[in-house]
Amino acid sequence: MAGKRSIFEEVDTAEKPTAQPGAIDRAASRGNRRGVRAWLMVLFALVVVMIVVGGLTRLTDSGLSITEWRPVTGALPPMSEAAWEVELEKYRTIPEYQLQNKGMSLSEFKTIYWWEWGHRQLGRVIGLVWAVGFLWFLMRKQIPTGWTGRLIAVGALGGLQGAIGWWMVSSGLTGEMLDVASYRLATHLGLAFVILGLIAWYVFTLGRTEAELLQARRLGSPKLATLTGWLIAVAYLQVVVGALVAGIDAGRTYTDWPLMAGDFFPTLAFEYSPAWRNFFESEALVQFNHRMLGYALFLFGMFVWWRARGAASRAVKQAFDWVAVMMFGQMVLGIGTVLYAAPWHLAIVHQLGAVVLVCLILRARFTSIYPPVQSVRN
């Protein structure tokens, strides 16, 4: 008969249970969050460059130099002098050449052609980077759980953006239009900011695990997040109105501040009939709306910043501090752009400032929803 084992022996030799990860942790472990995030960051950078190049294409009046939409064959530029002459001959048939650039030399045409070609080529590069990256992670089964649809949405919006780009260009190829329709330009730029904001939000989200996000959300500030959501909406509207300003060169018409040609409300604000046309075509009313919305955005932004002073997290406060700093800087840039009649270098910095501001507001909202863990001392 075997001897009795001591209590100490039982405890010492018993198999110790190992902690099992929770359902959230197991789901979060599926997929390559870090790799997908890095890929999205590349896409984000490319979209920012695309917005800048698009702005320069508009500022150099180059957007109508290519009169056809050839998504595949258009990737190759003219390869001979004869081919260049063919492209110039196509350009000679549109109103911009006949009413504004008549007599343009081939060398001058090449300058504006390369801007538009580069803009379109960059769009193709973005589409290729998205497709290659998505298929790579899909085939290797590295897309995190629940993210396939989100990543497809980014690609679908990119494809839609290309179609809207041609819809915009086509508005300036007939009739007496010297530029593209301003509302179509605003739609094109507006969708670019939607894509940019969506990618930025995904980058923020993938920076932490699902378990970390769930834990952080319990410490979030829902009211502050709601206020910041409205701030994003106002900032987005300001971007769209700014595109209307760029579309009709309204920034080069009234170059005094704070008044407009000596008046608070310009006398030519409603020069067209019917009245609704003025919100898109009147240089006076469009710039006035951009100014007023800028003031409203700044004041509302300062109010949201003040409300963020009461947040418990220091990281949340700092995120809103950066929003306030950039909002002030963007307003100064806007005033300077007006006073100097919107030279291209100031105008493009102002547009880039809008990109930075929107991303900082998005980051502040994300931080208010998911405040990072901080020590008790902090």
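Trainee: Is Arg58 buried or exposed?
Mentor: Arg58 is buried, at 13% relative accessible area. Buried means under 20%, exposed over 50%, and partly exposed in between, with a 1.4 Å probe and protein chains only.

Trainee: What should I know about the source?
Mentor: It is a predicted model: local features need pLDDT of at least 70, side-chain atom pairs count only at pLDDT 80 or more, and totals for chains, interfaces and linings use all residues. Residues are numbered from 1 along each chain as its sequence is written, and side-chain values use heavy atoms, leaving out hydrogens and water.

Trainee: Which residue does Arg58 form a salt bridge with at 2.9 Å?
Mentor: Asp61, taking the closest N and O atoms. A salt bridge here is a side-chain nitrogen of Lys or Arg within 4 Å of a carboxyl oxygen of Asp or Glu. Asp61 is partly exposed, at 26% relative accessibility.

Trainee: And how far apart are the closest N and O atoms of Asp249 and Arg58?
Mentor: 3.4 Å, and that pair is a salt bridge too. Asp249 sits in the loop between H10 and H11 and Arg58 in helix H3, so the bridge ties together parts 191 residues apart in sequence. Helices are DSSP runs (H or I, at least four residues), numbered from the N terminus. Asp249 counts as partly exposed, at 25%.

Trainee: What about Lys110 and Glu81?
Mentor: Their side chains meet in a salt bridge, 3.2 Å from N to O. Lys110 is in helix H6 (residues 106-139) and Glu81 in helix H4 (residues 81-91), so this pair links parts 29 residues apart in sequence.

Trainee: Which residues do shared partners join into one network?
Mentor: Arg58, Asp61, Asp179, Asp249 and Arg252.

Trainee: How many salt bridges in the whole structure?
Mentor: The search finds 14.

Trainee: New topic. How do H3 and H8 pack?
Mentor: At about 155°, with axes 9 Å apart. The axes are lines fitted to C-alpha atoms over the stretch in contact, and angles run from 0 to 180 degrees between N-to-C directions. H3 is therefore roughly antiparallel to H8. Angles under 35 degrees count as roughly parallel, over 145 as roughly antiparallel, 65 to 115 as roughly perpendicular and the rest as oblique.

Trainee: And H10 with H12?
Mentor: About 160°, axes 9 Å apart. H10 and H12 are roughly antiparallel to each other.

Note on methods: Helix = DSSP H or I, 4+ residues; strand = E, 2+ residues; numbered from the N terminus.
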